[in-house]
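Hello,

Here is the structure I promised to pass on. Please open it beside this email and follow along.

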Amino acid sequence: MENMDPDHYDLNRRRRSSFRKTWDPFMLKTINDEEEVTRKSIQFLQYLICLFFGVCVLGFAFLSKSSLLLLISTSNMNSPFENKPFSHLVLACALVVPNVLAFGKALWKTSFGSSSSPPKSILAMVCLIEAIVALATSVLVLVCLPNFDIITNLCILNGVCLFPSFLQIVFKLKTLKCTLLLPLIGFGLTFLGLLLFVLVHIPQRQSEDIKYLQAYVALAIVSLTLISLNWWENFTLGCKIGFMENIRESLRYNRNITYVCTSAIRILVTLSVVAAWIPINKYDWKDLKTVSQFELKIILSLFGIQACSSVLCHWFGVLVCKMHAVRRSFVVPFILATPVVFIAILIVLYDSSNRYVEGVTFNLTIFCNGLKTANESNSVRILLLEIPQSLCRAQAILNTSRIGLALLGSSTICFWLGLFFSTFYVWGQHIQRIERTSHLFVRWLYEAAFMEQSMLLNTRVQKKKKKNKEIKRKSDHVMIYLCATMWHETVDEMEKILTSIFRLDKYKPNSLKSHKDNFDFETHIYFDDAFTLVGPDENMQERVANEYVKNLVSTMEDIYRIFSREKHTSKDEQEDDDIVRPTIMETPYGGRISYTLPYGNTIHVHLKDKQKIRHKKRWSQIMYMYYLLGWKLNRKYTTLSGKFANEISTENTLKTEKENTYLLALDGDTDFQPSALILLVDRLRRYPHVGAACGRIHPTGVGPMVWYQKFEYAVGHWLQKTAEHVLGCVLCSPGCFSLFRAAALMDDNVVKKYTTTATEAQHFVQYDQGEDRWLCTLLLQQGWRVEYNAASDAYTNAPQEFKEFYNQRRRWVPSTLANTIDLLDSAAETSKKNPSISKLYILYQIIGTAASILGPATVVLMIAGSFTFVFKWNGNVALALGVIPPALYILICYKVKSDIQINIAAVLSIFYAFLMIATIMSIIGEIIREQTFITPTGLFFISMVVLFVSTALLHPQEFHLVLYGMLYIICIPSGYLLLPIYSMVNMNNVSWGTRETAAPKKLTKKKPQQVKRYEKKCKCICWDVELVIREDKKEEIQQMDSAIDEIEVMEPRIEDNWISNLQEKSVHIELIEEKLDESEKPFWNDFIEMYLKPIDEDKERQQEIAKHLKSLRNKATFLFFIINVLWLVSTFFLQLIGPDIHIKIPKILSNGSFSEDEKLEVEPIGFMFLISFAGLLAIQFFTMLYHRINTLIHFIAYKGTEVKSQQIVGKYQQMYKDHEV
């Protein structure tokens, strides 16, 4: 067998493999190979939500329009509301609400972000246009409209489409297509509406009322024409004139400063018009002091309704566009807003006619006389009476000619249809998922007087994309590298990650090139410490793959068979034989196995030999970053240089490729669905400044430790990560499931700095103990944004044993603190580079870090409080007893081994768990004893319960995790007192702590023995004296030196048999041995020599590092513990001083009344801490609400646009089909 020819041996192995395939067709399916299918209930919920939001858009548009019309009507000189200066002032305030909001938004971004100023000439031109629009709007609403009736005003407000439709015609004349007809009709109808509006008010008899209105009619027409200039930027997007393009480009990048100026100008112009109009109209500003309570209530209520409904209407309008419900929930509600308001007016008129007029035949004169005698005390009824009264004030016009009513109706219809045809382009909008609001709408907000008109006309006109498919392919093409790191994963864990990869291959076949979610992907698995040496003696060793690699090969084979069963026809099988050519090869770093998946994508398993290349996770990440980005990406463009000369330069092409190349970092046990990846891709695809995005990580496993982590992960993602995402950036994108942009990783000071070898004590803590957090810190410091997507779910195994959990967190706690301090230390520079990192966000992180550092002291105070209530002990005595256990545990951690520390922590955790139950009971008892829950402790407890329950309700699919909340609460002392102590004291331990196995024994040289010549020992009561004289035998030394030299010269011979070993292991998939590409070898040799050469184990250097690590540990723990001690000591002295300095809070009884005799006393420090902590939780809760809405938008948009699953024929259906006659 030993002398058998290798080719003959390989031939026999193939024959055995083929023979086995004939009689072993059975499989054990332990995985889920099915795709994620959207349930019908989810689809129904999607349509229901879009319908609900559409109704909200229509409802708030109705409230905005109707309240504005009523405000205008109250400003009429004949209105029963007598204080005209007040009504005009409130009406002007309603007009400037969106300008105030835009000014505040722009000022905030300018103050806490980076903003540049546009050229002065462009800024002056834009400010002039905005001043003209503000002047026209103010004149129309404040001067003209109060003189018309409510129906006429409703008609006039739709006549702002003249200039937008004209611009559409001008910039579509070159094409002369049928699309030109729609804006042409819109322009004609709008112009016809203005003409009919003039005809309505042409006097047939010389009536003073008619003459009085002529000036306002002319002023209204001029104002409408000037107001239509407001949307010039949107409808000049098709203009190719040089200076117009420069203006748009300048405004695009300088909107913050522009809006600060333009909003201020619009506010000033509006207030100037109202300030001038009041004295012109012979009103007195002093009347503001004599406003009646009735008018104050009515007019301010209308103002509040108009302002709030407008803001909500705009907000819901943006949401439905992002949900891809543009037609049914955006265009239709806004188009129907005017008819709905008109119908509501008719309903009010009908009701008023029945209420105040007797008789069947309707007569306007009789109706108006009946209104004069109406006496109502209800505020709503009085307000509704303003609608028919406004018509009665216009009876002179209507009675002039019967034709007037017909002309007015025709004008209203023309204006409405003009708006419909002028904004018809909105019906065909193609919106990307999670599209930016700035890409949907040109202007930031809305116009208060023209709610639906401004939303429709502000919808961005989309540019027609070029037909050059090659350019589109290059700019839209996305390449994803799935990079998983493995070490000592079990078969079950390997099945999870491989199933996810095969499922993605099944979901995204290479042939599907037309869908917007199309991307190409490759999978690279980096296996640490993949080889082991076996042999009969020390002189002859055989390098083979370890058991974990063999398990991976076997698991790969099993899963491949499961996913390839759907290739039924012989043609498909023949194609598979042509495509599937798994290869195995030796590489400078160890070895590589390559598989081609059933649908054409590939998996490359890189087997690392720690004798040739550095092991551990960070070095594996550096390995795939340099290989995939530094070698493959750059090499591709150096070989293709010059081929894109007709398109764009090679440099710009490389830049685009880097922006559209993503790396998905995975752990060896991650389980995810294809939709989870696509949701992350959406964030990087749409937002170029996003460097990384992570999903919702779900820990899996069984047992109390996993239950605790399930709730801990849930709270961390629900509140902490969402707050970071909304307020600034996510600080840690976990390495088990995160998507990174190649351009971000290839930026300066990111990957290059990530390759830094730890040489100082703090480097070992920050660089190697939490490598994913450090990588995110580098991205943030370089100006990239890191985001969180709650709809992207991934599952990974969590520690199931107490010891494994503590060892994992022993790495995480110090590295988290170190990276946070590093980010805070560079806050000034980072906030300049990164627009998402503001000074307020830095303040939020400082407060959060301080709360984390004070966690142990806070838990001690909580335990002392439970002692006080349960055992009726003095507060200081209870505090002293509460300090003793953690203080003793600190001393124990300094003296004993880590295993003993963990065992003691486990015992104390059980003790504290019972104590926490007593604490909860004590809080409930205190509420019962005080007969009120409105105490600091009671409010805190109840607010925490309400917070967690309400947060879980907003995550319905994860609501069951609330059941683990009780376990989480009773384990708070273990997680926030004992665990920080263990982590900080063992900071000098930089081992991984999880999945570790015993290191193999190394061959050591025996030291030469020495011979004793003289030995004398003397013993006293407390003194031992030993005198030993030793002498080396020269002959023995020479013999030993020669033996050592022989050992050094005659190293054990190592034979590589791992390839044949794995070929035998792979039965159904034949691994074909190949050679590594010659062009790739120099890269690996240079790369390993420069960055990944195994670090020599210098004992003296290791001892020095251990010494520095202990020194760092001592400094850090001293600072950490002294801060907590100071907190406890201050509380102790405050209790010792007594109630003189306590804050006294009135006691609120259960019925809501205040107790006159009893008051609650609270320590000032504790009270401030509770207020700060409660404020932090409140911020996190509201940011979570905002994030949930955005997640809902993204989820609904994805479900409405996701690629449909391929029609897979089931097994039994195929059997029936094959036998069908």
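First, a definition: a residue is buried under 20% relative accessible area, exposed over 50%, and partly exposed in between, using a 1.4 Å probe and protein chains only. W444 is buried by that rule, because its relative accessible area is 12%.

Two notes on the source. This is a predicted model, in which local features need pLDDT of at least 70 and side-chain atom pairs count only at pLDDT 80 or more, while totals for chains, interfaces and linings use all residues. Residues are numbered from 1 along each chain as its sequence is written, and side-chain values use heavy atoms, with hydrogens and water left out.

**Overview**

The protein chain has 1221 residues, and 50% of them count as buried. It holds 46 helices and 18 strands. These are DSSP runs numbered from the N terminus: helices are H or I with at least four residues, strands are E with at least two. Contact means heavy atoms within 4.5 Å. Take the contacts between residues at least 6 apart in sequence: 80% of them join residues at least 24 apart.

**Aromatic pairs**

Rings of Phe, Tyr and Trp (its six-membered ring) pair if their centres lie within 6.5 Å; planes under 30 degrees apart are stacked, over 60 edge-to-face, and the rest tilted. The structure holds 46 such pairs. One is Y259 with W444, which is stacked: 4.3 Å centre to centre, with 5 degrees between the planes. Y259 sits in helix α11 (residues 255–280), and W444 in the loop between α18 (437–440) and α19 (451–458), 185 residues apart. Y259 is buried too, at a relative accessible area of 9%.

Now look at F531 and W1058. Their ring centres are 5.3 Å apart and their planes are at 75 degrees, so the pair is edge-to-face. F531 lies in strand β3 (residues 531–534) and W1058 in helix α42 (residues 1058–1065), so this pair ties together parts 527 residues apart in sequence. Both residues are buried.

There is also an aromatic cluster: Y589, Y626, Y627, W631, F1083, W1084, F1087 and Y1091.

**Nonpolar cores**

A nonpolar core is a set of buried Ala, Val, Leu, Ile, Met, Phe, Trp, Tyr and Cys residues joined through side-chain atoms within 4.5 Å. Which residues touch the most other members of the largest core? They are L140, L142, L145, F148, F330, F334 and I345, out of 108 residues. Helix α2 (residues 40–74) gives the most to this core, with twelve residues. Another core lies apart from it, with 61 residues, including I480, F521, F527 and I1059.

**F303**

F303 is in helix α12 (residues 293–322). Its relative accessible area is 23%, so F303 is partly exposed. Leaving aside neighbours within four places in sequence, F303 contacts L71, V90, C93, A94 and V97. The C-alpha atoms of F303 and S87 are separated by 9.8 Å, though the two are 216 residues apart along the chain.

**A helix contact**

In α27, A723, E724 and L727 meet Y841, Y844 and Q845 in α34. These contact residues divide into four nonpolar, one polar and one charged. Here Ala, Val, Leu, Ile, Met, Phe, Trp, Tyr, Cys and Pro count as nonpolar, Asp, Glu, Lys and Arg as charged, and the others, Gly among them, as polar.

Best wishes
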